[in-house]
Amino acid sequence: MRIGMALNYAGGFKETVAELADYEKAGLDIVFVAEAYSFDAVSQMGYIAARTERLQIASGILPIYSRTPALLAMTAAGMDYVSDGRFTLGLGASGPQVIEGFHGVPYTAPLGRTREVIEICRKVWRRERLEYAGKHYTLPYEGGTGLGKPLKLINHPVRDRIPIVLAAIGPKNVALAAELAEGWEPIFFMPEKAADVWGDSLAAGKAKRDPSLGELDVIAQAFLAIGDDVDGLRELGRPMAALYIGGMGAKGKNFYNDLARRYGYEKEAEQIQDLYLEGKKDEAAALVPAELLERMSLIGSEGFVRDRVAAMREAGVTTINVAPIGRTHEERLALIEKIRDIAG
């Protein structure tokens, strides 16, 4: 299993990047850089590429709506070039709050657009003349000046197949990831529930999968702390879980709330959302089930963590994207070394 880490630059981006060399030596395989409505991820990933040698670098994620498909392809090819073939293009639909609120474009047809973006990206990387007639994207553009020409990428990419990871939790999006992407990254991954919630979608997608894509890389996120007195640290996950389950969307339009319901927490999901939307964030966080926090974390004794990693492996996880919890850089490094040893 690969060990990944989401970049945390709360203490200073450049300082954190300077520490990545130590994480490389400790066994970290890949770092994920988010892009929400803060600094863009691409400039940060370019900086990381210049400061590391072996570490894989992934966008986690770039929204499909904020760049044209061709620009996403160019960006990925450029990142793969400056990193000497170490880049993974993480894509996702984000949500209407960010896409319509911050980017000012309509949040429409996420499934269909994602499929077309992937197909266009791969045509660009193969340096084909870019002609595409989709439902959502037509290249060259029809109308306008009428002067658009089918162009191909000037540069020769380092790779003509850059790995694509889709962030997805809905049934149809998960099936799409299993069909078209090299990797799939769900959120709030509970190994015991994965087959019930996503098994049919994964099977449907894999039935259409091109064998040349290889096995699907399943990337699970988890907070990480190992020790006999760390169980209380699971509580750190409450605010984030409440934010997603309660506040990421509206009534009837919250993908994360839907997931909590599919996990069997229907009553809690409804109460968390009601409280969060009323502005009662602390009360909402208090209702996040302790079982959910426990089962989607790697926080506990070494035996507990070994059991959880085994459960993840059994559920098909191939990359663990951890957030090590430690007071110092040295403590976080030790956690990466330990999980590297446990994951094998």
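These legends accompany several close-up views of a predicted model. In this predicted model, local features need pLDDT of at least 70 and side-chain atom pairs count only at pLDDT 80 or more, while totals for chains, interfaces and linings use all residues. Residues are numbered from 1 along each chain as its sequence is written, and side-chain values use heavy atoms, with hydrogens and water left out.

**View 1. The second largest pocket holds about 540 Å³ of space.** Ala70, Met74, Val124, Lys152 and Leu153 are the closest to its centre among the 26 residues that line this pocket. A pocket here is found on a 1 Å grid over the protein atoms alone: it is an open set of points where a 1.4 Å probe fits, with protein on both sides within 12 Å along at least five of seven lines, and lining residues have an atom within 4 Å of a point. Grid points are joined across faces, edges and corners, and the volume is the space filled by probe spheres set on the points. What kinds of residues make up the lining of the second largest pocket? They divide into 17 nonpolar, six polar and three charged. For this count, Ala, Val, Leu, Ile, Met, Phe, Trp, Tyr, Cys and Pro are nonpolar, Asp, Glu, Lys and Arg are charged, and the others, Gly among them, are polar.

**View 2. Helix H3 (69-82) gives the most to the lining of the second largest pocket, with six residues.** Strand S7 (138-139) also supplies at least two residues of that lining. Helices (H or I, at least four residues) and strands (E, at least two) are DSSP runs, numbered from the N terminus. From its first C-alpha to its last, the 14 residues of H3 reach 20 Å, close to the 20 Å expected at 1.5 Å a residue; the expected span is 1.5 Å times one less than the number of residues. Pro69, Leu72, Ala73, Thr75, Ala76, Ala77, Met79 and Asp80 are the buried residues of H3. Buried means under 20% relative accessible area, exposed over 50%, and partly exposed in between (1.4 Å probe, protein chains only). Covering the buried residues of H3 are elements including helix H2 (41-51), strand S5 (87-92) and helix H5 (110-125). Just after H3, look for Asp84, which takes a positive phi of about 60 degrees.

**View 3. Strand S2 (residues 30-33) is covered on both faces.** Ile30 and Phe32 are buried on one side, and Val31 and Val33 are buried on the other. Strand S1 (residues 2-6) pairs with S2 in the parallel sense over three bridges, and S2 pairs with S3 in the parallel sense over four bridges. Two strands count as paired if DSSP finds at least two bridges between them.

**View 4. Strand S12 (residues 319-324) is largely enclosed by the rest of the structure, because five of its six residues are buried.** S1 and S12 pair in the parallel sense over four bridges, with Val322 in S12 as the bridge partner of Met5. Strand S10 (residues 217-226) also runs parallel to S12, joined to it by six bridges. Here, Val322 is the bridge partner of Ala222.

**View 5. Helix H6 (residues 171-180) is mostly covered, with seven of its ten residues buried.** Those residues are Val174, Ala175, Leu176, Ala177, Ala178, Glu179 and Leu180. They pack against H5, strand S8 (164-167), strand S9 (183-185) and helix H7 (191-206). Ser201 is found in H7, and this serine counts as buried because its relative accessibility is 11%. Not counting residues up to four places away in sequence, Ser201 touches Pro171, Val174 and Ala175; contact means heavy atoms within 4.5 Å.

View 6. Is Ala26 buried or exposed? Ala26 counts as buried because its relative accessibility is 8%. The C-alpha atoms of Ala26 and Asp341 are separated by 9.9 Å, although these residues are 315 residues apart along the chain.

**View 7. Glu278 lies in the loop between helix H10 (266-277) and helix H11 (281-286).** Glu278 is exposed because its relative accessible area is 52%. Between the C-alpha atoms of Glu278 and Gly92, which are 186 residues apart along the chain, the separation is 28 Å.
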